Amino acid sequence: MKGVIRMRIIRAKDYNEMSRQAANIISAQVILKADCVLGLATGSSPVGTYKQLIEWYEKGDLDFSQVHTVNLDEYVGLGADHDQSYAYFMHSNLFDHINVKLSNTNIPNGLDPDAARECNRYDRVIRSLGGIDLQLLGLGPNGHIGFNEPCDEFVPGTHCVELTDTTVDANARFFANRDEVPRKAYTMGIRDIMQAKSVLMVANGKNKAQAVKDCFFGPVTPKAPGSILQLHPNFTLVADEEALSLVKDLL
Ligand code: F6R
């Protein structure tokens with residue numbers, strides 16, 4: 001398939017190597033365009049990448065003072081001071097450790113109960129920045145990107161989603177119990193992600209192997225939302241051996 005030919009796959013031995021490779025690509029972006037717009041993700045996949053970026057920033061090799069950021073998603077109902085909100089995650093895993101200006105960082109406001117208003121606002125934010133230069137993504141075990149869950153059609157702009165049971169199960173590990181996991185989230189849409197000039201995905205671990213196979217070695221379908229990236233002109237997947245374990249004979 002055409003899309004598969006375009007996409008780059010970087011094979012990493014393990015999580016650390018995946019994180020270093022991804023951080024290298026993000027660093028190159030920040031060095032080449034100091035005022036770039038970075039689309040950012042939360043979750044366990046990018047934590048090592050952020051750690052590496054922080055290390056290089058501390059060494060003096062990176063400067064984020066002109067960088068703008070837009071995050072993919074946020075749980076509806078959680079504010080920035082809730083320790084499981086994505087705003088909290090971004091502060092503790094990246095923003096508090098580098099010289100990005102907080103006024104240049106953007107995350108959907110999970111506390112706005114008016115979904116249409118918040119989603120329109122967020123789409124306007126992305127447009128006002130002139131789009132995204134590099135979008136970092138993780139991959140859900142069900143193939144989701146951002147919180148674009150498997151469904152019957154791709155949704156273009158920022159929208160409010162009902163999280164699937166698989167996603168609630170996957171994210172329950174971060175909460176005291178499953179009942180505390182919010183059931184809704186605001187997420188960037190597929191158009192926003194596809195319009196990024198480049199897209200970088202990090203995927204590690206056995207529980208991503210099926211999603212990697214479905215999304216990048218099967219048909220493009222909203223049932224496996226990440227599959228749309230096969231059509232992106234500049235998409236790089238950095239994945240460890242376990243995440244690539246079901247496709248190693250196809251590489
Ligand atoms: C996070 C996000 C999600 C995660 C995905 C993988 O902002 O948008 O799509 O990237 O659920 O999560 P982890 O990395 O925790 O396996």
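Author: What follows sets computed values against the definitions behind the words. This is a predicted model, in which local features need pLDDT of at least 70 and side-chain atom pairs count only at pLDDT 80 or more, while totals for chains, interfaces and linings use all residues. Residues are numbered from 1 along each chain as its sequence is written, and side-chain values use heavy atoms, with hydrogens and water left out.

Reader: Why is Asp-192 called buried?

Author: Buried means under 20% relative accessible area, exposed means over 50%, and partly exposed is in between, with a 1.4 Å probe and protein chains only. Asp-192 has a relative accessible area of 6%, and therefore it counts as buried. Asp-192 is found in helix α7, where helices (H or I, at least four residues) and strands (E, at least two) are DSSP runs numbered from the N terminus.

Reader: What makes the pairing of Asp-192 and Arg-191 a polar contact?

Author: A polar contact is a pair of N or O atoms within 3.5 Å; within protein, one must be able to donate a hydrogen and the other to accept it, and residues adjacent in sequence count only if both atoms are side-chain atoms. The contact between Asp-192 and Arg-191 joins their side chains at 3.5 Å, so it meets the rule. The side chain of Asp-192 also has a polar atom 3.5 Å from the backbone nitrogen of Thr-158.

Reader: How do you know whether Asp-112 is buried or exposed?

Author: Its relative accessible area is 10%, so Asp-112 is buried. Asp-112 has its place in the loop between β5 (105-106) and α5, and a polar atom of its side chain lies 2.8 Å from the backbone nitrogen of Asp-114.

Reader: What makes a group of residues a nonpolar core?

Author: The term covers a set of buried Ala, Val, Leu, Ile, Met, Phe, Trp, Tyr and Cys residues joined through side-chain atoms within 4.5 Å. The largest such core has 32 residues, and among those with the most contacts inside it are Ile-145, Met-201 and Phe-216. Elements that each supply at least two of its residues include α5 (115-128), β9 (198-203) and β10 (235-240), while α8 gives the most, with four residues. A second, separate core has 30 residues, including Cys-36 and Leu-53.

Reader: Why is Leu-137 called buried?

Author: Leu-137 has a relative accessible area of 0%, so it is buried.
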